[in-house]
Amino acid sequence: NEKTKMDAKTWLYKGMIYLQMGLEVQKNPKSKLASNLPADWADQAYQAALECKRLDKNNEFADKNNQVFSALAESYYNLAYEAFSNEKNYAKAMEMADKVISINSNSGNKNLNVDAYDIAGKAAYNNRDTANTKKYFNLMIRSKTKQFRTYEILFDIYMKEKDTVNAMKVVKSCSDNCSGDYNSLVLAAKGYLMTGNLEKSKEVLNQAQNMVKDKPAIYEQLLNQVAAIYEMTKDFNGAEDKYKESLQINPNQFGANFGMGSMFYNLAIEKFQEAENAFNPDEISDVYTILEKEYKDYMSKAIPYLNAAIAYIEALTDQNQINANRRNHYECLKALRNCYTRLNMFEEVKGVNEKMKQIESSENAK
């Protein structure tokens with residue numbers, strides 16, 4: 001009322017009352033308090049706490065008011081987590097995370113800020129909101145996070161934007177904050193590759209391999225990453241060696257089989273295009289003949305690896321893994337069908353077509 005609205009204690013009490021009612025109803029939705037609780041109770045409690053802070057010139061109620069801020073920040077964080085993890089409502093997750101950050105800026109309590117940056121950044125990334133992904137993940141990095149995925153996503157964004165300066169800043173921060181993680185060396189290798197320093201790239205890749213050589217499961221996956229980087233540099237023999245080394249550790253895997261199959265398939269397509277360019281219907285040249293043989297050889301080499309990758313996926317029993325690999329399954333089958341078609345293996349094409357139709361039908365049934 002008119003007498004009390006300029007009194008900080010009034011707003012402290014309002015914030016505390018709405019907060020306590022809200023938390024009680026969150027714990028017990030059937031609580032008798034539910035009928036008296038406005039839908040925007042958290043926002044009203046937050047606005048009351050802000051007004052208390054504004055009027056409390058002598059900080060008489062600062063400690064209690066900051067408790068309201070902290071409890072509200074935790075409540076909004078829970079809503080952000082729920083929206084991100086369970087509801088998959090990424091816009092709401094960002095909104096709730098922003099409230100956590102805003103509340104903490106008013107209370108001076110930085111607790112949950114990094115977690116809020118993390119949820120907001122991941123939500124923005126899933127929402128394909130590049131600007132906010134960069135904003136929140138850069139805040140994560142300034143907080144010296146050890147979550148490697150943050151650095152990886154941010155680096156990939158800058159790499160696609162051809163922003164070498166910021167990409168290398170991410171590499172430097174990752175090296176400083178995740179120095180014991182071999183992944184930071186792989187990221188550094190990509191950074192050096194981006195700047196054209198091939199020798200330095202291979203040097204840090206060797207460091208990464210030496211770091212985990214005594215851990216077969218990790219080493220196997222790292223070799224696939226190294227092979228992919230070698231492939232980017234057009235060192236196809238080096239890539240093949242790394243994929244084969246990975247397969248010696250574990251022949252029954254998707255990564256190396258898919259990597260090798262894809263590499264040979266892509267090389268076959270390149271040779272096929274070169275052969276087409278060299279084709280002359282009036283005179284079949286030696287160049288065309290050589291290129292045609294090369295592309296068919298690469299197609300033949302790709303087939304066993306693509307089949308092994310497909311077999312790995314088809315042996316999966318966990319439905320979540322099956323769903324996650326549906327696109328990989330389809331792309332492998334499509335490449336395999338192309339190989340069989342180019343090599344006139346039409347009986348094999350029929351079987352691949354049937355599997356592709358089954359995947360297409362399951363997608364259309366959703």
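Because the model is predicted, local features are reported only at pLDDT of at least 70 and side-chain atom pairs only at pLDDT 80 or more, whereas totals for chains, interfaces and linings use all residues. Residues are numbered from 1 along each chain as its sequence is written, and side-chain values use heavy atoms, with hydrogens and water left out.

The secondary structure of the protein comprises 17 helices and 0 strands, these being DSSP runs numbered from the N terminus (H or I of at least four residues for helices, E of at least two for strands). The radius of gyration is 29 Å, well over the 21 Å that the globule rule gives for 366 residues, so the protein is more spread out than a compact globule; the radius is taken over C-alpha atoms, and the rule is 2.2 Å times the number of residues to the power 0.38. Along the principal axes, the C-alpha trace spans about 100 × 50 × 45 Å. The accessible surface comes to about 20300 Å², with 48% of this area belonging to carbon and sulfur atoms, as computed by the Shrake-Rupley method with a 1.4 Å probe, only the protein chains shown counting as cover for residues. Of the 366 residues, 40% count as buried (buried means under 20% relative accessible area, exposed over 50%, and partly exposed in between, with a 1.4 Å probe and protein chains only). Among contacts (heavy atoms within 4.5 Å) between residues at least 6 apart in sequence, 56% join residues at least 24 apart.

Helix α3 has 26 residues and reaches 35 Å from its first C-alpha to its last, close to the 38 Å expected at 1.5 Å a residue, where the expected span is 1.5 Å times one less than the number of residues. Its buried residues, including F69, Y76, Y77 and F84, pack against α1 (8–27), α2, α4 (90–107) and α5 (113–126). The helix is followed by K88, whose phi is positive, near 55 degrees.

The structure holds 6 aromatic pairs, defined by ring centres of Phe, Tyr or Trp (its six-membered ring) within 6.5 Å, with planes under 30 degrees apart counted as stacked, over 60 as edge-to-face and the rest as tilted. The rings of F254 and F258 have centres 4.9 Å apart and planes at 15 degrees, so this pair is stacked; F254 is buried at 14% relative accessible area, while F258 is partly exposed at 26%. F272 and Y295 form an edge-to-face pair, with 5.0 Å between centres and 75 degrees between planes. This pair links distant parts of the chain, 23 residues apart, with F272 in helix α13 (residues 255–278) and Y295 in helix α14 (residues 286–314). Y295 is buried at 6% relative accessibility, and the charged end of R342 sits over the ring of F272, 4.0 Å from its centre (NZ of Lys or CZ of Arg within 6 Å of the ring centre and within 35 degrees of the ring normal). F264, Y298 and Y305 form one aromatic cluster; F264 is also in contact with E240, a buried residue with 15% relative accessibility in helix α12 (residues 236–249).

Positive phi values also occur in loops. N59, with phi near 55 degrees, lies between α2 (41–55) and α3 (62–87) and is exposed at 56% relative accessibility. K144, with phi of about 60 degrees, lies in the loop between α6 (130–142) and α7 (148–160) and is exposed at 60%.

Definitions and conventions
Lists of a residue's contacts leave out its neighbours within four places in sequence.
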